[in-house]
Amino acid sequence: MNKLLAGPMATLSHQGLRKIYEDFGGCDEYYTEMINASSYLTHGQFESYYTLNEIAGDKIVWQLTGKDSEPMARAAKELCALGGIGIDLNMGCSAPEIVKTGAGIAWMIKPIEETKRLVCEVRNAIDSYNSQTSAKGNVHKKQRLSVKLRLGDENFTEAGFFKFCDMLVENGVEQLVLHPRTRKEKLARPPRYHYVEDLAKRFENKIPVILNGNVKDKESYDFAIKSSPASSGVMLARISAQKPWIFRELTEYTTVSDIEKKSCSNILPKSSECGMWEKTEDSKIRIDRLQVGLEYINNVRLYQPREFYETRMQRFFAYYCDNFSFGHYIKSKMLNCKTLEDAEATFKSYFDQIPDDRFITV
Ligand SMILES: Cc1cc2nc3c(=O)[nH]c(=O)nc-3n(C[C@H](O)[C@H](O)[C@H](O)COP(=O)(O)O)c2cc1C
């Protein structure tokens with residue numbers, strides 16, 4: 001079965017955006033933005049906002065980042081108790097400030113024994129959680145261990161990459177998401193999907209391998225699936241901030257074009273709960289893009305601490321404004337807003353000027 005997954009994006013993959021995805025019908029798995037294990041364990045004032053789970057809590061994958069295995073294992077065990085699908089280890093982030101601390105893709109570059117220790121310790125933490133909850137007779141689903149990774153450093157070799165992945169799977173990793181670029185390859189460079197296919201074939205009938213990178217519409221989805229027919233699903237990141245309805249678009253599309261039906265398509269709602277869209281007579285949806293933006297701002301107010309309002313609003317509109325005829329103009333105005341009220345007024349006034357940009361049908 002081909003799953004659809006929402007990718008982890010720092011400052012974006014939070015409950016507010018998840019609520020919008022869900023209103024459009026949602027997808028199969030929601031990866032959270034990376035949660036720093038050591039910070040999480042301090043239970044500081046902002047940490048609880050990373051783990052809000054009232055919306056689609058059973059489809060959340062908690063993504064952990066960190067440089068040391070011990071706090072990562074402890075944080076994994078605590079996060080398991082929140083429910084959801086499981087724990088993901090971030091081995092793909094290549095932001096220099098993360099890598100130089102020994103986190104993210106640094107785990108693909110360190111001596112393999114060190115990374116093996118991390119995987120085993122987190123695996124043990126999850127196993128211990130799973131066996132404690134089943135001993136208590138709880139009906140909790142077993143928590144899963146997954147890893148999101150890239151190809152490695154610029155000098156990676158195929159043999160080294162596959163050896164690394166074999167180590168992950170032998171030590172209990174149950175799903176891999178491959179973003180097939182090297183550490184330094186920019187997002188503008190085409191991802192090398194053939195590595196996803198090789199990996200998916202290698203672990204066929206063993207664990208799911210998910211493709212990630214540059215899927216942004218029906219055409220690129222088709223291309224990705226054709227490039228890696230053995231993969232078990234597609235993860236979308238940036239496009240889900242630009243078009244939070246993308247999962248619905250792809251779900252409807254793959255259903256009508258008879259590609260294997262996705263699990264989420266069974267539960268498509270009939271109408272938007274908060275006025276963001278309505279069904280048309282020909283079973284399409286008419287989206288009110290002003291309302292989507294306002295809903296996002298409101299969700300930031302509901303689900304983020306005041307200190308994060310500005311960054312969370314700005315990061316979303318940096319992607320969302322690309323939908324509009326005068327995208328650069330409205331983006332720069334939104335990025336200059338200092339309060340959510342200012343952002344609401346600025347966004348509304350754009351549609352007073354360009355009313356034709358407000359609705360689209362997909
Ligand atoms: C703003 C932003 C934040 C990201 N944060 C994370 C993160 O926290 N963890 C992670 O594993 N990847 C992160 N990524 C990488 C994405 O999950 C994804 O691998 C990448 O954007 C390629 O997929 P796409 O072409 O669908 O966007 C981030 C990407 C962006 C653009």
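Which helix holds both Phe-317 and Tyr-320, and how many residues apart are they? I looked this up in a predicted model. Both residues lie in helix α14, which spans residues 309–320. They are three residues apart, about one turn of the helix.

**Entry on the aromatic rings.** I found 25 aromatic pairs in the structure. One of them joins Phe-316 and Phe-317, with 5.1 Å from centre to centre and 85° between the planes, an edge-to-face pair. I then checked Phe-317 against Tyr-320. Their ring centres are 6.0 Å apart and their planes stand at 80°, so this pair is edge-to-face. Phe-316 and Phe-317 are buried, and Tyr-320 is buried too.

**Entry on charges over rings.** I looked at Trp-277 again and found Arg-248 over its face, 4.2 Å from the ring centre. In another place, the charged end of Arg-312 sits over the ring of Phe-308, at 4.1 Å from the centre of that ring.

**Entry on Ser-94.** Where does Ser-94 lie? I placed it in the loop between β5 (86–91) and α5 (96–99). Is Ser-94 buried or exposed? Its relative accessible area is 18%, and the cut-off for buried is under 20%, so I wrote it down as buried.

Beyond its neighbours within four places in sequence, Ser-94 is in contact with Val-99, Ile-105, Arg-150 and Arg-183. For Arg-183 I also noted a distance: its backbone oxygen lies 3.2 Å from a polar atom of the Ser-94 side chain. Last, I checked Gln-353, which is 259 residues from Ser-94 along the chain; their C-alpha atoms are separated by 40 Å.

Note on methods. Residues are numbered from 1 along each chain as its sequence is written. This is a predicted model: local features need pLDDT of at least 70, side-chain atom pairs count only at pLDDT 80 or more; totals for chains, interfaces and linings use all residues. Side-chain values use heavy atoms; hydrogens and water are left out. Rings of Phe, Tyr and Trp (its six-membered ring) pair if their centres lie within 6.5 Å; planes under 30 degrees apart count as stacked, over 60 as edge-to-face and the rest as tilted. Buried means under 20% relative accessible area, exposed over 50%, partly exposed in between (1.4 Å probe, protein chains only). Helices (H or I, at least four residues) and strands (E, at least two) are DSSP runs, numbered from the N terminus. A charge sits over a ring if NZ of Lys or CZ of Arg is within 6 Å of the ring centre and within 35 degrees of the ring normal. Contact means heavy atoms within 4.5 Å. A polar contact is a pair of N or O atoms within 3.5 Å; within protein, one must be able to donate a hydrogen and the other to accept it, and residues adjacent in sequence count only if both atoms are side-chain atoms.
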